[in-house]
Amino acid sequence: RTDVKKSLEDLGITPTSMIDISDGLASEILHVSKQSKVGFRIYEDRIPMDSLTVTTAEELNLNPIVCAMNGGEDYELLMTVSPNDFEKIKNHPDFTIIGHVVDEQQGNFLVLKGSQELSQITAQGWNVFGD
């Protein structure tokens, strides 16, 4: 995603963290959380999902959000930016704001669609070593 570098430069934004989503969104959120010593609130209704992903998951009796949070090899980037850069990025068509950083003690939670109910984020992604 070399295009992301150019877009961020054009916006004058330097991310405060960044990771590729190769092991699933939930797993990568937890990696950033641990390494940065912060927590996250991710909003279910803000996670972008292709309509084909949603219909396929439903046909297989799977929850589409569980698939989105735990599927891997997305070839996308997860990043955080300074709150001072929020206004610069919030309406950019190539970026989607899915949540925000909170204090580490507040943990990592998914805010469920249409409510303020929280679901703890856990990683169910692929483990290449199978342990």
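Two residues are in contact when they have heavy atoms within 4.5 Å of each other. The views below come from a predicted model, in which local features need pLDDT of at least 70, side-chain atom pairs count only at pLDDT 80 or more, and totals for chains, interfaces and linings use all residues. Residues are numbered from 1 along each chain as its sequence is written, and side-chain values use heavy atoms, with hydrogens and water left out.

**View 1. The surroundings of Met-69.** Which residues is Met-69 in contact with, leaving aside its neighbours within four places in sequence? Look for Gly-24, Leu-25, Ala-26, Ile-29, Ile-47 and Ile-121.

**View 2. The largest nonpolar core.** A nonpolar core is a set of buried Ala, Val, Leu, Ile, Met, Phe, Trp, Tyr and Cys residues joined through side-chain atoms within 4.5 Å; buried means under 20% relative accessible area, exposed over 50%, and partly exposed in between (1.4 Å probe, protein chains only). Here the largest such core has 17 residues, and Met-69 is among those with the most contacts inside it, along with Leu-25, Ile-29, Ile-42, Ile-47, Leu-78 and Ile-121. At least two residues of this core are supplied by each of helix 2 (25-36), strand 2 (38-43) and helix 4 (64-70). Helices (H or I, at least four residues) and strands (E, at least two) are DSSP runs, numbered from the N terminus. Helix 2 gives the largest share of the core, four residues.

View 3. A salt bridge is a side-chain nitrogen of Lys or Arg within 4 Å of a carboxyl oxygen of Asp or Glu, and a search of the whole structure finds five of them. In this view, the side chains of Asp-10 and Lys-6 meet at 2.8 Å, N to O. The two residues are four apart in helix 1 (residues 2-11), so about one helical turn separates them. Asp-10 is exposed, at 56% relative accessibility.

**View 4. A salt bridge with a buried partner.** Asp-85 pairs with Lys-88 in a salt bridge, with the closest N and O atoms 3.1 Å apart. Is Asp-85 buried or exposed? At 10% relative accessibility, Asp-85 counts as buried, whereas Lys-88 is partly exposed, with a relative accessible area of 41%.

**View 5. A salt-bridge network.** Salt bridges that share partners join Arg-1, Asp-3 and Glu-76 into one network. Within it, the closest N and O atoms of Arg-1 and Asp-3 are 2.7 Å apart. Arg-1 is partly exposed, with a relative accessible area of 43%, and Asp-3 is partly exposed at 35% relative accessibility.
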